[in-house]
Amino acid sequence: MRLRRRPPDFILFLTVLTLLSIGIVMVFSSSYYYAMFPPFNNPFHFLVRQSIWAIIGLTGMFVMMNYDYWHLKRWAGILLVLAFALLIAVLIPGIGTSKLGAQRWLNLGPLSFQPSEFSKLCLVIFTAFGLSRHPERITDFRQGLLPYLIIMALAAGLILMQPDLGTAVTLAGTIVLMLFAAGASLVHLGALGVLGIAAVALAIWTEPYRMKRFLAFLDPEKDPSGSGWHILNSLMSLGSGGLLGTGLGQGRHSKFLYLPERQTDFIFAVIGEELGFIGACLVILLFVLFIWRGLKVAITTPDTFGSLLAAGIVSGVGIQAIINIGVVTSSLPVTGITLPFLSFGGTSLVFTLLGVGILLNVSRYSAPK
Amino acid sequence: MRATRIVIRRRLTLLFLLATAAFVALTGRLIWIQFVRADELQQKALEVRMRDIPVEARRGDIYDRNGQLLVTSVSTESLYAIPYLVKDPRRTAEQLASLLDMKEERLYQILSRKSCYEWVARKLKPETVEKIKGLNLPGLFFVEENVRYYEYDSLAAHVLGFTGIDNQGLTGIEKTFDRELQGTRGRIVVEQDATGREVPGALHKYIPPRQGNSLVLTLDRTIQQFVERELDRVVEKYNPKLAVIIVMDPRTGEILAMGNRPTFDLKNWMTAPQGVWDRNPAIWYNYEPGSTFKIITTSAAISEGVVKPDDQFFDPGYIKVADRYIRCWADGGHGSQTFEQVVMNSCNPGFVEVGLRLGKEKFYSYIKKFGFGEVTGIDLPGEASGIMIPQEKATNLNLATMAIGQSIAVTPIQLLTATCAVANGGVLLRPHLVKEIRDPEGNVLKTFQPEVVRRVLDQDKARQVAELLQAVVMKGTGRNAFIDGYRVAGKTGTAQVVGEGGGYVSGKYVASFTGFAPADNPRVAALVMVAEPQGGIYYGSQVAAPVFREVVRDTLHYLQVPETPGLEKPKDPFVYFDQPPVKVRVPNVVNYPLETAQNILREVGLSFVVRGEGSIVQAQMPKAGAEVLSGTSVVLDLQPPGGKSKEGLVTVPNLTGLTITQVATLLASMDLRLEAVGVGEAASQNPRPGERVRRGTVVRVEFKPGTSSLQAPPAIARPVREFVERP
């Protein structure tokens with residue numbers, strides 16, 4: 001193309017590396033006690049795995065950083081088909097593996113892989129591609145919005161069937177934000193918002209465990225050892241941290257198994273306990289920094305595809321971070337959702353870093369300030 | 001195209017602002033959690049993580065007044081489980097079931113509970129502990145606890161009391177002084193993870209328990225043993241429903257001994273019926289004191305000056321109050337006597353008169369001053385306060401009966417406390433059982449001084465009452481309590497048991513004695529109460545007084561109280577020992593009704609011994625006309641010579657001097673018929689006394705107005721049963 005390639009956005013790059021480093025350290029800190037006992041018997045179990053995933057992810061990120069993003073347009077359709085194929089495949093017994101009552105993983109030899117994470121990125125690429133082809137159609141509901149909404153709804157529906165409300169919500173939110181960014185009519189989006197809320201309400205209503213979680217959010221003390229357990233212990237961990245925290249590796253409440261999902265969904269509570277308010281704010285600040293730099297890339301990118309692509313990637317990370325921290329601080333009901341860059345989890349980390357690689361590549365072509 | 005880019009940029013800026021706003025909101029949320037609620041949440045988190053294992057404190061010891069150990073604590077082991085460490089709950093339960101004598105299912109439940117700490121069995125026998133340790137079962141642990149050990153199984157059981165499984169005092173001193181004895185429970189606080197594992201570098205806090213304080217009682221083990229011994233004898237002899245002995249130091253209010261029957265073994269209190277261990281009759285049992293209460297009447301009367309010891313009284317054998325006749329226990333009455341003799345003889349009409357002289361207000365004020373109607377405040381749980389007719393409702397008849405110890409219920413401790421007030425010169429003291437509280441190192445923390453409740457009598461008045469009570473033991477109804485070498489003061493009492501409905505239960509009596517010694521300088525006061533003795537003997541003078549004598553004599557000797565030289569028990573009870581015996585002629589009492597015969601003998605200063613059954617004296621020994629020393633016993637034989645007449649012959653009694661009603665009753669009892677002539681007292685009769693006649697024979701009796709003004713009471717014909725009072 002006609003654009004001159006520059007070095008990627010350094011601040012963005014550094015922000016991501018910092019978040020990633022904090023993540024690896026905190027995954028280790030939060031998991032080593034748990035991993036000391038059977039079945040792991042190895043305090044470094046999670047650290048080693050997360051490090052390996054980080055290396056894979058970073059490699060992917062560097063590759064994508066140097067793979068010019070407009071080439072992705074070519075792959076947009078194929079990726080979408082592949083994403084749906086995998087989302088369907090994971091639901092088929094024998095192919096998908098279930099853990100903790102949810103069928104989310106595809107086994108690939110020694111590794112397991114979450115199609116939902118992959119599909120998130122694919123949908124972002126496809127939506128950015130589609131919207132950038134006819135940017136003016138965005139105000140037209142049937143032609144500009146409906147196709148993406150249908151695709152989104154289908155993907156989110158499949159993810160919900162696993163069931164994985166958190167990822168479904170993130171996916172839907174990301175696409176809606178992309179539509180918003182692309183200039184969709186606020187009336188349309190408002191109507192969609194109402195519909196979305198209704199859908200979420202229905203999802204909660206029809207699934208007893210979601211209903212329980214939602215009620216626990218409203219009154220966690222009602223069942224402190226049952227449905228309120230997550231949120232109460234999360235709050236106790238955060239509260240134990242105070243301003244400066246108990247010190248790295250010194251968190252007692254989060255570490256000693258009172259806090260569930262300590263190295264994944266509730267890792268922010270570990271940060272809050274061990275690194276205190278200062279550490280938690282640092283993480284929040286890094287996310288704000290990431291969003292700022294990311295959206296700046298989106299704004300300064302000359303072409304609409306790059307702009308929407310960047311916006312989608314940043315939105316995905318941003319929504320996930322906000323929902324996750326919202327859950328951990330009991331501002332939102334519990335939905336199983338990880339904190340990007342920080343939570344333990346291979347697929348999520350790899351695809352988030354791939355996304356960041358694409359974002360960094362976009363940044364190489366954005367107009368200098 | 002251009003327009004879209006602008007829209008996108010604007011929208012993206014908006015997105016950034018929205019995201020920032022969301023993060024600012026979340027930061028606000030964090031401030032709320034990590035600052036505002038931090039302390040509360042941190043505390044809660046700590047509570048969730050910390051497991052408290054209580055460490056029992058060793059319970060304080062209990063000593064008698066001389067430092068003799070009565071109750072101590074010995075360590076024992078208790079078994080607890082940490083369920084998640086129990087490998088195989090089912091098998092473990094199976095192995096333990098027989099050793100612990102517990103149901104396997106119950107053990108399994110305990111062992112499979114989702115908790116970090118469960119008691120399996122407390123306070124095990126050493127051999128059981130060894131066996132369980134030998135099994136080497138994972139997840140089971142022993143912790144040292146302590147258990148009460150009693151030096152003497154049932155010595156002062158009701159006083160000492162016992163403890164529950166958590167060493168909490170349940171009865172007696174153990175309960176009253178539970179807070180002193182229990183010490184401060186220690187704790188082991190351990191930080192654990194959510195599955196119950198102790199975490200590395202766990203916060204460990206050992207708060208050591210503090211042993212409880214020791215108690216030094218006022219009880220004297222040796223005196224208590226005297227009491228227990230005598231109680232055992234009482235049980236053996238009379239098998240009563242209840243028996244109580246209390247020994248008190250009248251100078252201080254200290255309880256030297258307190259015992260009850262039935263009693264129980266402190267080690268195995270659970271095997272005794274609840275009614276036995278859950279109340280202490282010495283402080284709880286309400287009973288009519290009967291004549292022992294005359295101490296109060298006497299005190300009030302002497303103190304108020306309504307009577308002096310040498311005031312003259314006349315007892316015709318009854319006294320009429322309102323429309324009721326109150327009889328004296330001695331049929332025919334005591335005749336003319338001084339007040340001292342009234343006390344000595346426990347003469348009911350005399351006391352009724354004194355009570356009426358006192359009047360309701362004064363009498364009640366003394367009853368209350370002596371502490372009746374309220375608890376004494378002794379340091380034991382479960383004290384009763386007695387029952388009293390409210391002053392405003394009391395009638396003259398109530399007053400009269402209260403003067404002889406009826407229509408009022410008291411507890412043994414109340415009566416003894418009141419007795420002590422007379423003994424010590426008129427001061428009512430609070431009875432107490434604990435002398436000192438000492439810390440585990442033996443330092444005295446608190447000493448309980450004698451506590452004066454109030455002055456009841458002036459010293460000289462109290463002395464006068466004490467002297468009167470001394471006379472009771474020297475020469476009156478309390479002679480069985482006499483102790484060689486000591487001046488003993490006291491009073492007997494026999495009362496009928498008041499039933500559920502309030503009326504008297506016939507054949508059920510409470511025999512009691514309360515007194516002190518030496519009378520002029522009291523060291524020991526004691527009360528003996530035997531409720532419902534079996535076997536026919538029930539007089540306080542016969543049942544309770546000898547017990548008092550045994551306990552107090554041994555106690556005086558044990559306390560090395562010097563004897564008063566030359567003080568011996570008078571041989572002739574109805575004769576003043578300081579009056580030299582005089583020669584008297586034995587009167588004829590053959591063919592007289594027994595009561596008349598006894599009165600005749602009494603009048604001339606002779607004693608008597610009754611042999612056989614019947615109502616008419618058939619023979620006497622020595623014979624009439626013999627000259628003997630006053631005080632000699634005349635044997636009165638009631639059995640007709642040669643056994644009961646086969647032909648249905650009876651001996652005509654001497655009826656001289658009897659009233660028409662008495663004659664009628666007497667003859668009727670012998671199946672003889674009366675033909676009465678005239679009014680007054682029997683003057684002559686036909687057939688003559690001593691003649692043998694057939695049953696059904698008519699005896700003609702001439703009555704003439706008698707020389708004495710004594711009007712026959714209708715009491716015999718219409719006995720007022722509930723007012724019969726005996727010494």
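User: What is the accessible surface of chain A, and how much of it belongs to carbon and sulfur atoms?

Analyst: About 14300 Å², with 71% belonging to carbon and sulfur atoms; accessible areas come from the Shrake-Rupley method with a 1.4 Å probe, and for residues only the protein chains shown count as cover. Bear in mind that this is a predicted model, where local features need pLDDT of at least 70, side-chain atom pairs count only at pLDDT 80 or more, and totals for chains, interfaces and linings use all residues. Residues are numbered from 1 along each chain as its sequence is written, chains are lettered from A and ligands numbered from 1 in the order in which they are written, and side-chain values use heavy atoms, leaving out hydrogens and water.

User: Why is Glu191(B) with Arg252(A) called a salt bridge?

Analyst: The rule wants a side-chain nitrogen of Lys or Arg within 4 Å of a carboxyl oxygen of Asp or Glu. Here the closest N and O atoms are 2.7 Å apart, so the pair qualifies. The rule finds one salt bridge across the interface of chain B and chain A.

User: How many residues make the contact between the chains?

Analyst: Chain B brings 45 residues and chain A brings 54, contact meaning heavy atoms within 4.5 Å.

User: What area is buried between chain B and chain A?

Analyst: About 4100 Å², with carbon and sulfur atoms giving 71%. That's the accessible area (1.4 Å probe) that two parts lose on being put together, summed over both. In chain B, Arg11(B), Phe23(B) and Gln34(B) lose the most area to chain A, together 17% of what that side buries.
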